[in-house]
Amino acid sequence: MVRGGWTHGPVGEGPPLRMLPPLGRPDLRLARPVLIVVGLLVLFFTSYYQIEPDEVGVVQRFGRYVGTSNPGPHVKVPFVDSVTKVPVQRTLKLEFGFRTQRAGIKSEFAAPTPETAAESAMLTGDLNVAVVEWVVQYKIKDPKKYLFDVREPTSTFRDMSEAVMRQVVGDHSVDEVITIGRETIALEAKQQLQDVCNLYGIGIEVQQLVLQDVNPPDPVKPAFNEVNQAIQERERAINDAWADYNKAVPRAKGEAEQAVRAAEGYAVERVNNAEGDARRFVSFYEEYRKSPAVTRKRVYLETMGTLIPRAGRKLVLDEKARGILPLLQLEGTTAEVKR
């Protein structure tokens, strides 16, 4: 017997040929719900999508831009719409002249490659070579322009940044690039890079441009270090000289002012004393004119009253006097005896 086919006995014997019913045919009534569930699951997963808080979704229908989805759950037309998630709230970063392998407290950087060496080697305005490494931090402010107005926007933005930095470095001397003008160069490069982004409409906003490391090429680095050391020594000497100047000059001015004030005070004192003496002499003269004898005697007594205390203790003895020792106390005093 054959399943689902024809059967017969020996040739010339038995009943005529007959068709047997097939065995094990599947039941479509059981498979239909399974197909419906699978179809619903496929429909759900192809129509539902989730936008994170720092993203927006750019919706395309048959490749044409139709709108932007904000953060949250959304649905789309299955197999017709496509969604591209763009991190508009996230700060993105591009590195030039180096590559970071692992960021942290002690970041690890990849070994230099010909690509990074070519990015960092630049010609300055005074025809010297400097190795400039920098970082650009940016945000995507217009996802539609970022995706559709420029082909390969990240690569284009990298080329823009490198071109702008080479232009700005070419407008400054090597000393400005390496030492004193780094902040100015970074600000100029950031502004010019933003202007170029606005001109080409790539939908990018430059947040920050930082010169990471700026050095002379390795073959001439010792010479540059010596020059920088000499410049620092010169600046230190100038600062020391100004410090001495700021100490000495105010002190000298103060001493001169003090001397002038002392001289002016002495002059005022001498004038006042002279005027006082003159007025006293005039008053004495007026008194003398009124009563010469009395005034003469008063002046004599006043003068002697001033001079005698200055002379100390004096003993005036008669040459013929004898026996004065019992009456004279000489202990603890110094007296001058005249005969």
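1. Glu119 is buried, with a relative accessible area of 5%; here buried means under 20%, exposed over 50% and partly exposed in between, using a 1.4 Å probe and protein chains only. Salt bridges with shared partners join Glu119 to Arg99, Glu115 and Arg158 in one network. A salt bridge is a side-chain nitrogen of Lys or Arg within 4 Å of a carboxyl oxygen of Asp or Glu.

2. A word on the source: this is a predicted model, where local features need pLDDT of at least 70 and side-chain atom pairs count only at pLDDT 80 or more, while totals for chains, interfaces and linings use all residues. Residues are numbered from 1 along each chain as its sequence is written, and side-chain values use heavy atoms, leaving out hydrogens and water.

3. Because Arg99 lies in the loop between β8 and β9 (100–102) and Glu119 in helix α2 (residues 114–120), the pair ties together parts 20 residues apart in sequence. Helices (H or I, at least four residues) and strands (E, at least two) are DSSP runs, numbered from the N terminus. Arg99 is partly exposed, at 24%.

4. Please also look at Arg158, which lies over the face of Phe96 at 4.6 Å from the ring centre. The criterion is NZ of Lys or CZ of Arg within 6 Å of the ring centre and within 35 degrees of the ring normal. Arg158 is among the buried residues of α4, which also include Phe157 and Glu162.

5. The whole structure has 15 salt bridges. One of them pairs Asp54 with Arg90 at 3.1 Å, N to O, linking the loop between β3 (48–51) and β4 (56–61) to the loop between β7 (81–86) and β8 (92–96), with the two residues 36 apart. Asp54 is partly exposed at 23%, and Arg90 is partly exposed at 37%.

6. Lys93 and Glu95 form another salt bridge, at 3.4 Å, N to O.

7. The Trp242 and Tyr245 rings are edge-to-face because their planes stand at 85°, with centres 5.4 Å apart. Both residues sit in helix α7 (residues 221–290), 3 residues apart, about one turn of the helix.

Definitions and conventions: Phe/Tyr/Trp six-rings, centres within 6.5 Å; stacked < 30°, edge-to-face > 60°.
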